[in-house]
Amino acid sequence: MTKTAQTSLIHSDYEAPSGFDAFPPAVHRASTVLFENVAAMRSSQWKDKSAYTYGLHGTPTTFTLEARLAAIEGGEHCLLAPSGLSAIAMINFAFLKSGDDVLLPENVYNPNRELGRWLSQDFGVSARFYDPMIGGGIADLIQPNTKLVWTEAPGSVSMEVPDLPAICRAVKEKGVPVALDNTWSAGLALRGFDVGADIVMHALTKYQSGGADLLMGAVITRDTAVNERLAQAHMRLGLGVGADDAYLVMRSLPTMKLRFEAHDAGARKLASWLKARPEIAKVLHPAFEDCPGHANWKRDFKGAGGLFSVLFDPRYSEAQVDAFVDALTLFGIGYSWGGPNSLVMPYRIRAIRDRWLDAGVLVRFNVGLEDVGDLIADIEQALAQLPA
Ligand SMILES: *Cc1c(COP(=O)(O)O)cnc(C)c1O
């Protein structure tokens, strides 16, 4: 059949020669996936990861990223989602229905708390919050209708490190699955399955991206039946990711461990310097002895990354600490972490942990990849602006 130029642009006869090979994985962009013939289409299964059915259910690019992420955690299965929060939603919708109960730590990532509240208000699920330092005592909170327990280590603002092995053991004895938000560790400082989690979730937005330039999430499991439930929710909620973003994460993964270690070294230096300052009442860094749960960190974790918090001396008002934050020049005021740029964020800690009634204003630092001496000099000049 002869074709017009216009049609040839859409139905080209050219096929590139086979045999091309290179280190970077190919970027397959597709909504439609083509079937060889109708029989192949009819026998296809969206769940089957040895084949392709539709862009939403996977391409060679997303399957490749999933395999690499699962390997970091020592997992078997991985599902990608367009943000860390949508990965959290996938887990909640996979395991919870009307009449069920979910337990979340009081210091849980705030949008997960918000999702819990929404599930309570509008979906007939009860969401209850527990003290993250409860350890094995969580067994007493499990009800017959408890279908999921969330953990997060450490809490990403208050930095308390829970006793994950004790929590996981107690919850699993009751036959309830444990989900771990392992974003802080990126699977490098801690592997979720080693401490007993059943479902490990990451915001790839952080260290896996490493560039502060994309949003993505992952849910990693070992158990096939658990993965099946998640995959159903993934499919029904339509949680696809873009091929270019998947590629960017893959491009950053080989340097993730080196970056994580550099963030870690910088953060510990900065935290040590802050600890000696009279303006700071407490440094909340899991590797420091006075951080709640430090012994758990020491036993279970291999590193710490770039995120920690400090409590200012209670003599400083919120407005004064806000002025300190505004005076910083190398620290951007913004959420998230894991990129090259240092960030700072003041928090109203009493809204997160009502037990910390006498605490001063909390400021969270994300130490980027700048020279630590420069970061310290910046903090020093901003502290000098506080009233004596
Ligand atoms: C950032 C973050 C998330 C959510 O990731 P997004 O991609 O921003 O939606 C979830 N949990 C923790 C602990 C995070 O830091």
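The largest pocket has a volume of about 590 Å³. The model that shows it is predicted. Domain 1 (38-250) and domain 2 (256-383) both give residues to the lining of this pocket, so it lies between them. A second largest pocket has a volume of about 250 Å³.

**The largest pocket**

- The lining counts 31 residues, and those closest to the centre are Tyr109, Asn110, Pro111, Ser156 and Tyr347.
- Several elements each supply at least two lining residues: helix H4 (84-95), helix H5 (110-122), strand E6 (199-203) and helix H12 (349-352).
- Sorted by class, the lining holds 17 nonpolar, eight polar and six charged residues.

**The second largest pocket**

- This pocket is lined by 20 residues.
- Nearest its centre lie Trp46, Lys49, His57, Leu79 and Ala231.
- Helix H3 (60-73), strand E1 (77-81) and helix H7 (224-237) are the elements that give two or more residues to the lining.
- H7 gives the most, with five residues.
- The lining of the second largest pocket divides into seven nonpolar, nine polar and four charged residues.

**The two domains**

- The protein is divided into domain 1, residues 38-250, and domain 2, residues 256-383.
- Their C-alpha centres lie 27 Å apart.
- Domain 1 puts 33 residues into the contact, and domain 2 puts in 36 residues.
- The largest pocket takes lining residues from both domains.

**A five-stranded sheet**

- Five strands form an open sheet, in the order E8-E9-E12-E11-E10.
- The pairing in this sheet is mixed.
- Strand E8 (280-284) and strand E10 (332-333) are the edge strands, each pairing on one side only.
- In general, strands of a sheet pair through backbone hydrogen bonds, either parallel or antiparallel.
- Strand E11 (residues 343-347) and strand E12 (residues 362-366) run antiparallel.
- Five bridges join E11 to E12.
- Leu343 has Asn366, in E12, as its bridge partner.

**A helix across the sheet**

- Helix H9 (residues 256-275) lies across E8, strand E9 (307-312) and E12.
- H9 runs at about 10° to E9.

Conventions. Residues are numbered from 1 along each chain as its sequence is written. This is a predicted model: local features need pLDDT of at least 70, side-chain atom pairs count only at pLDDT 80 or more; totals for chains, interfaces and linings use all residues. Side-chain values use heavy atoms; hydrogens and water are left out. Two strands pair if DSSP finds at least two bridges between them. Helices (H or I, at least four residues) and strands (E, at least two) are DSSP runs, numbered from the N terminus. Contact means heavy atoms within 4.5 Å. Axes are lines fitted to C-alpha atoms, for helices over the stretch in contact, and angles run from 0 to 180 degrees between N-to-C directions. On a 1 Å grid over the protein atoms alone, a cavity is a set of points where a 1.4 Å probe fits but cannot get out, and a pocket is an open set with protein on both sides within 12 Å along at least five of seven lines; lining residues have an atom within 4 Å of a point. Grid points are joined across faces, edges and corners, and a volume is the space filled by probe spheres set on the points. Ala, Val, Leu, Ile, Met, Phe, Trp, Tyr, Cys and Pro count as nonpolar, Asp, Glu, Lys and Arg as charged, and the others, Gly among them, as polar. Domain bounds come from an automatic or database domain assignment.
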